[in-house]
Amino acid sequence: MKIHNFTKNIGFLFLFLILSSFTFAQNVTKKIDSLMTKSYERGLFNGNVLVAKKGKIIYQKSFGFSDETKKTPLTKNSILNFGSIAKEFNAVAIMILVERGQLNLDDPISKYNLDLPKWSEKVTTRHLINYSSGIPRIENGLIVPKNDEEAWKILKKTDTLLFEPEKDYRYDNGNVFLQRRIIEKITGMTFQDFVTKNIIKPLKMTNSVFDAKADYKNRTSCYDMDNKRCPEMEFISGWLWMDTNDMYKWLDAMDHNRLITRKSFETLLNNPYTKDHQGGSFGDYFGEEEL
């Protein structure tokens, strides 16, 4: 059974399940509904649930509200900030370019004339997608760049790496930022436009938007357990907001190699530079358990 469980993100809990290769009892949806209803009633869950089996959605329901005012109920069309899950889209975009022969993972990123310091001559895209580049951090505790321009300034003014490429692992948004900029350099398109053309539209993800503003239709907002609005963070661009149906289309496409080959997918899953940490471009990887 495959379970992808995404919990509290930007203020409220969100659950998304994909189940396959499992014999369901006739009352399985009733059990799921009972579990989620009780969780919501007890104040443990606020979000959307989608359960699919073998490509067919068998259960879908919304629980709770889209913001702290509790005036707007969540619906299946509510779009959510998936946080770091959005990093998967630049990773897959990188592999699309690799498969098209437009990008070599082992070329130094200095090849793309990004006006970066000399360390760019020994950092490769493979290092970036595995968070083993050692590039300077663009975030420092609570201090984060408010936009792409500030992120560029931080990277360009820092002459030294945190560590030599391949010698360590640091999960850092600077790697993500440069992945997106490399995609733009190679394609001549914005990162958002490239992903829209090559991923979102082919998968018919009809309710997804980058960097959704506060007044965007069906947008959810962060609030905590005390029903207080969380501050909206200003940050680098390129974060995709989706509803549960579009998220399901994305995961299903990954499971069935609709965008990239299985070999490319495994490149993103497996980090060749660390034995202690299994995380790759798709985050931490856990082997499938037989239940």
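Confidence first, since this is a predicted model. The protein chain has an average pLDDT of 87, and 86% of the residues score at least 70; pLDDT is the predictor's confidence in each residue, from 0 to 100. The lowest mean, 43, belongs to strand S1 (residues 17–19), and the highest, 98, to helix H6 (residues 191–200). Over residues 1–25 the pLDDT is below 50, though in the model this stretch has 83 contacts beyond near neighbours in sequence; contact means heavy atoms within 4.5 Å. Where pLDDT is low, the predicted coordinates should not be read in detail.

Two notes on conventions. Residues are numbered from 1 along each chain as its sequence is written, and side-chain values use heavy atoms, with hydrogens and water left out. Local features need pLDDT of at least 70 and side-chain atom pairs count only at pLDDT 80 or more, while totals for chains, interfaces and linings use all residues.

Next, the fold. There are eight helices and six strands in the protein chain, taken as DSSP runs numbered from the N terminus, helices being H or I with at least four residues and strands E with at least two. From the N terminus on, the order is β-α-β-β-β-α-α-α-α-α-β-β-α-α. The chain has 291 residues, and 51% of them count as buried, meaning under 20% relative accessible area, with exposed over 50% and partly exposed in between, for a 1.4 Å probe and protein chains only.

Is Lys185 buried, exposed or partly exposed? Lys185 is partly exposed, at a relative accessible area of 47%. Leaving aside neighbours within four places in sequence, Lys185 contacts Tyr112, Asn113 and Leu114. Tyr112 is 73 residues away from Lys185 in sequence, but their C-alpha atoms are 6.6 Å apart.

On a 1 Å grid over the protein atoms alone, a cavity is a set of points where a 1.4 Å probe fits but cannot get out; a pocket is an open set with protein on both sides within 12 Å along at least five of seven lines, and lining residues have an atom within 4 Å of a point. The second largest pocket has a volume of about 730 Å³. Of its 24 lining residues, Asn81, Met233, Glu234, Phe235 and Trp239 are the closest to its centre. The structure also holds one cavity of 30 Å³ or more. The largest cavity has about 40 Å³ of space, and its lining includes Tyr131, Arg170 and Asp172.

Note on methods: Grid points are joined across faces, edges and corners, and a volume is the space filled by probe spheres set on the points.
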